[in-house]
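Please examine the structure shown below, with attention to its open spaces and to its aromatic rings. The paragraphs that follow take these two topics in turn.

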Amino acid sequence: GGIAAVYELDLLVLAMSVLSCVHARKTGQVPLAVAGLLLGLVVEHASLRLGGTHCHQSGLLNFSECSSANSVVYYLPWVYACVTLSRRLVDEYSWSYPLLCGLFFFGMCGVYESQGPMMGWWLWPDKDMVVKAGCDVTQFGIPASDPRGLVASKHAFEALFDRVYGVPALAPYFHFAFGWGI
C-alpha cells in the first residue's frame, strides 16, 4: 500500500492506456478509446462534485484534489478492452452482448475496486458522511455547504454504506451496469 502503490498504479494505467491506444489506432477504433477517456472525465468528476462518493489518492499527475490522472484515464483501457472483447465474441446486436459486456466490465474493474481501500488508492465515505476532511474540491448541492471537506450526498452515502471487506456492496453492480449500458 501507500504512495509507492499509487505510483505503481499510475504506471500500470499508463501502460494499459498506451497499449489500448496503439491497438485502437491499428484497428480504426480511436473513437472508442476517446469515448472511454471522456467517460472517465465525466463520471469521475460528477461523482466527486455531485455525489462525493470517493476520493482518490494523489498520483504523479492529478486533475484536482481527490482526482488523480489514473482514476480518470483508467476508463480508457477499461471501456476499450471490455467493448473490444465483447465485440470479438458476440455480435453487438445479440441479446447476449449487454450481459457479456457487463461481465467484462465487472471482471476488469472488480479486482481494482476491491483492492482500492486496502492499497490506499482511494477513500470511501465514513459513517459521518465525510470522505476526506479538509478537502477543497468544489461540490454542488447540499454537500457544498458542509464545512468539513469532501462529504457524500445522502443518496450516495446510503448506496455506499453497506460494505463487504471495506468495499461498498453496490460497487460491483455499478461496474456491471456501466458495461451493460454501454
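This is a predicted model: local features need pLDDT of at least 70, side-chain atom pairs count only at pLDDT 80 or more; totals for chains, interfaces and linings use all residues.

**Pockets and aromatic pairs**

By class, 15 nonpolar, eight polar and two charged residues make up the lining of the largest pocket. The space in the largest pocket amounts to about 560 Å³. Among its 25 lining residues, Thr53, His54, Trp124, Leu160 and Phe174 lie nearest the centre. At least two lining residues come from each of the helices α2 (30-51), α4 (75-89), α5 (97-119), α6 (154-160) and α7 (171-181).

The second largest pocket has a volume of about 200 Å³. Its lining consists of 13 residues, and Asp10, Leu14, Leu61, Ala69 and Asn70 are those nearest its centre. Two or more lining residues are given by α1 (2-27) and by α3 (69-73), and α1 provides the largest share, six residues. Of the lining residues of this second pocket, ten are nonpolar, two polar and one charged.

Aromatic rings form the second topic. The whole structure contains 14 aromatic pairs. The ring centres of Trp78 and Phe178 are 5.3 Å apart and the planes meet at 25°, so this pair counts as stacked. Trp78 belongs to helix α4 and Phe178 to helix α7, 100 residues apart, and the pair thus links distant parts of the chain. Trp78 and Phe178 are both buried.

Phe176 and Trp180 form a tilted pair, with 5.9 Å from centre to centre and 45° between the planes. These two residues are about one helical turn apart, because four residues separate their positions in helix α7. Phe176 is partly exposed, since its relative accessibility is 24%; Trp180 is also partly exposed, at 44%.

Conventions:
Residues are numbered from 1 along each chain as its sequence is written. Side-chain values use heavy atoms; hydrogens and water are left out. On a 1 Å grid over the protein atoms alone, a cavity is a set of points where a 1.4 Å probe fits but cannot get out, and a pocket is an open set with protein on both sides within 12 Å along at least five of seven lines; lining residues have an atom within 4 Å of a point. Grid points are joined across faces, edges and corners, and a volume is the space filled by probe spheres set on the points. Ala, Val, Leu, Ile, Met, Phe, Trp, Tyr, Cys and Pro count as nonpolar, Asp, Glu, Lys and Arg as charged, and the others, Gly among them, as polar. Rings of Phe, Tyr and Trp (its six-membered ring) pair if their centres lie within 6.5 Å; planes under 30 degrees apart count as stacked, over 60 as edge-to-face and the rest as tilted. Buried means under 20% relative accessible area, exposed over 50%, partly exposed in between (1.4 Å probe, protein chains only).
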